[in-house]
Amino acid sequence: MSLKRNVSLATGLRYRGQGPMLTFILHRIGGLGMAVFVTVHILASFLGGDIGKFLNDVYQNWLFQIFIFFCALFHAINGLRITLVDLFPKLLVHQREAIWVEWAVFIPIFAIAAFVIVSTAGG
Amino acid sequence: MAALKPRTLPLTKRGLNFEMLMWLFTRLSALAMYALILFAIIGALVMGARYQMNLADVLRWGFMPNPGHVQSVPLENPDAWGTLFWKLTAGALLLLAVAHGVHGLVVIADDYIVTPRGRLVVRWLSIAMMISMSLIGLYVIWTS
């Protein structure tokens, strides 16, 4: 494990990795979002009381539900691609096609769910 | 684009260390979590979810099959949803998720915290977080 990073932050920000890098970043955001959500959710159930009630109100907000559903769905679909490609390295040549398939699966499911969440929130 | 030629090294040349094992664990635990979530959804359908729940309730139960997640649903047979069997399933899902998630946080932190001392602190914090969240989570599952 190397502890030296010979690339400056500015160079790092200028890196354009296109589609695969976008999935990498969204995978991170999704993982972080779920880690924070699950931790806070477990603590809220454990503590209960006013804090638990306040946090429950946050989860039930439709904006939060859309965000956390994005995190979970994208992380799950992208994670399946990563798992398959890593466990069967021969599939690596189909990486970019796999990412297109991923979006083709993700977008309709997310759109339907987001529509249901918003229309439920609107009463 | 240069053609990518995947190669497979023998295990002795790959290096079998803790990082490699955690890399493998991340993939395998992901597969196990898909299986457990699917299992919980099938279980809900067997217990009559089709006539008692909407999709959001089924998914909430799927992501963590503990009785607290179906409290708000009028169920014909609530006891069936809180058996030891489901508590063990929920416990397995929780332990996998905590280990997978905390290791993921360490991977992210390693990209931004590069001093050996900082990384050591991250590792101790991650161990503390993993143990405490596992215990608190199991307590919540068993008492909900």
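I started by reading along the sequence of chain A, which follows the pattern α-α-α-α-α. My tally for chain A came to five helices and zero strands; these are DSSP runs, helices being H or I of at least four residues and strands E of at least two, numbered from the N terminus.

A note before going on: this is a predicted model, where local features need pLDDT of at least 70 and side-chain atom pairs count only at pLDDT 80 or more, while totals for chains, interfaces and linings use all residues. Residues are numbered from 1 along each chain as its sequence is written, and chains are lettered from A and ligands numbered from 1 in the order in which they are written.

Next I looked up the dimensions. The C-alpha trace of chain A spans about 50 × 40 × 30 Å along its principal axes.

Then I turned to contacts, meaning residue pairs whose C-beta atoms, placed from the backbone, lie within 7 Å. In chain A, of the contacts between residues at least 6 apart in sequence, 73% join residues at least 24 apart.

Last came the meeting of the two chains. I saw 21 residues from chain A and 20 residues from chain B take part in the contact. On the side of chain A that touches chain B, helix H2 (18-47) and helix H4 (62-87) each supply at least two residues. H2(A) gives the most, with 11 residues.

Technical notes
Two residues are in contact if their C-beta atoms, placed from the backbone, lie within 7 Å.
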